[in-house]
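Subject: Structure handover

Hi,

Here is the structure you asked about. My notes follow below it.

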Amino acid sequence: MLASLHVKNMALIREAEVEFGPGLNILTGETGAGKSIVIGSVNIALGTGNFKDYVPEDADYALVELIFTTENPRVRELLKKQDLPFEDGEVILTRKYKSGRSTSKINGETVPVSFVRNLAGELIDIHGQHEHQSLLYEKNHLTILDSFARKETAPLLAVCREQHRAYQKAKREWEQASASDQDRAKELDFLKYEIQEIQAAALRPGEDEELENSYRLMSNGQKIMEALSETGNLTGAGDDGGAQDLIGRAVRALSSIRGYDGTLEELGATLEDIESLLGEFNRSLSGYMDDLVFDPQQLRETEERLDLINHLKSKYGNSIEEILAACREKEERVDILMNYEEHLSTLRGTMEESSRTLLATAANLSNVRKQYAQVLSKQIRAALVDLNFLDVQFEITFRELPEPQEDGLDAVCFQISMNPGLPLRPLGSVASGGELSRIMLAIKAVMADKDNIETLIFDEIDSGISGRTAQKVSEKMAVIAGSHQILCITHLAQIAAMADRHYIIEKKPADSKTVTNIGLLTEEESIRELARILGGAEITDTVLDNAREMKELAARLKDK
């Protein structure tokens with residue numbers, strides 16, 4: 001359940017912290033007191049709203065934090081996948097806005113807002129002021145039915161969507177392959193030209209690297225020869241003043257005294273090793289210089305070969321290996337085009353098999369939906385009767401689509417008759433705004449028992465109702481609150497009287513400004529708030545007695 005809400009610098013709310021309890025939590029207040037700010041703040045924390053139009057100009061930052069306690073195993077699973085901490089069943093959702101940017105955190109760890117939205121769907125269900133209008137669109141009817149039956153429909157839907165992708169891929173390949181003979185002939189000629197171009201080059205893996213090394217040597221030949229000549233002059237053997245000549249003299253000078261001391265013997269041996277190494281170096285250098293021939297013709301041929309390879313790279317791949325792989329792919333395509341009827345037959349067979357598999361899954365999914373539709377229809381009708389639709393009839397009808405879509409073959413429509421003798425008609429064509437609101441409440445009541453979501457928020461679900469109907473709505477809310485936590489913003493005394501915890505949202509002056517505060521009411525304060533809702537500006541003793549009686553009647557109803 002939602003344990004607490006902490007809001008800072010959101011519109012008229014400078015800072016507020018509210019602790020909610022189990023059961024029915026009612027929020028009331030004058031029009032314009034800031035009830036929409038509360039719902040807006042919750043939506044922002046859940047990742048479905050943004051801070052725009054809420055953050056005051058004089059605020060450095062804005063903050064919304066929700067603390068949930070939950071036993072939902074799906075929540076634990078989602079947090080574990082993201083390697084997020086989860087202790088004592090507590091989930092803390094925090095969103096902060098500063099310097100034009102917002103950040104989202106779960107249990108102190110920064111997360112993408114998309115994950116917040118995903119997790120929120122397992123923690124809370126919000127019925128906004130205009131959500132009942134979604135019932136006007138038949139595509140949402142299928143979503144409701146699949147949610148009701150999701151233990152069986154969810155795995156079938158996943159398979160259906162995967163098979164639909166496979167079918168669409170096979171269909172595209174077959175359609176693209178069904179080109180005209182003229183187009184295929186053009187493609188075949190072009191492929192043969194490209195294959196011939198690659199094969200004529202007689203490429204060898206690693207050849208480009210070898211050529212690039214040779215080209216670097218040849219293009220820098222003069223610089224290399226000059227450096228090697230200078231090196232040879234400095235280290236040259238037999239040349240007066242060369243390193244090898246000087247070291248030879250040093251060896252001879254040291255040899256005349258080596259016998260006098262062991263250390264001198266070691267120094268002499270070391271110097272002889274140096275002389276030997278330098279001699280070996282000079283022989284290697286001389287051999288390298290003898291073999292190093294710079295032929296202008298060879299340079300041009302190397303340059304031309306590299307140009308050819310680079311040209312082929314620009315067309316077929318970034319390396320010789322990729323060029324050769326492209327050649328093999330083109331050869332395979334040529335084989336297909338040369339045996340095209342067989343290829344088309346294979347593609348057609350794949351497409352038809354994908355279609356049969358998809359149809360079988362979609363038909364299975366449809367059968368499951370129809371079974372659950374009967375159960376859902378009965379439960380929604382019973383819930384509607386509880387909400388003062390006394391002679392209501394409700395059915396879920398199916399229409400088969402011309403071909404399977406990613407969610408199957410079914411178009412689903414909720415149909416209703418609210419008066420005896422009238423035929424069933426699509427929900428969106430017969431229900432008023434107030435009726436749609438009650439129908440949505442009935443659906444929410446039925447769905448609440450089918451999932452693990454512990455908290456439901458109803459934002460002014462009392463729109464367009466009054467009298468006995470409002471009383472029935474309040475009783476239904478109390479029933480749902482027996483197994484779920486409910487937060488409800490309302491203008492109706494009948495609903496507010498059912499509160500297990502009653503909060504007031506009100507505007508007050510503070511430091512030359514108007515701010516919104518949220519407070520928990522005592523029993524007597526709740527009665528006075530009911531009297532305000534009932535009596536308006538003037539609260540008489542009679543209105544107070546009426547409000548007190550409403551609370552007592554509500555308490556007796558909840559105790560049944």
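Which helix gives the most to the lining of the largest pocket? Helix 4 does, with seven residues. Helices are DSSP runs (H or I, at least four residues), and strands are E runs of at least two, numbered from the N terminus.

This is a predicted model: local features need pLDDT of at least 70, side-chain atom pairs need 80 or more, and totals for chains, interfaces and linings use all residues. Residues are numbered from 1 along each chain, and side-chain values use heavy atoms, without hydrogens or water.

Confidence: mean pLDDT (the predictor's confidence in each residue, 0 to 100) is 86 for the chain. Helix 8 (residues 221–235) is lowest, at a mean of 77. Strand 4 (residues 61–69) is highest, at 94.

Largest pocket: the volume is about 970 Å³. Closest to its centre are D125, T143, I144, S147 and M447, out of 37 lining residues. A pocket is an open set of points on a 1 Å grid where a 1.4 Å probe fits, with protein on both sides within 12 Å along at least five of seven lines; lining residues have an atom within 4 Å of a point. The volume is the space filled by probe spheres set on the points, which are joined across faces, edges and corners.

T70: this residue sits in the loop between strand 4 and helix 2 (73–81). T70 is buried, at 8% relative accessible area (buried is under 20%, 1.4 Å probe, protein chains only). Its side chain makes a polar contact with that of E454, at 2.6 Å (N or O atoms within 3.5 Å, one able to donate a hydrogen and the other to accept it; residues adjacent in sequence count only if both atoms are side-chain atoms).

Best wishes

Note on methods: Buried < 20%, exposed > 50% of the residue type's maximum accessible area, 1.4 Å probe, protein only.
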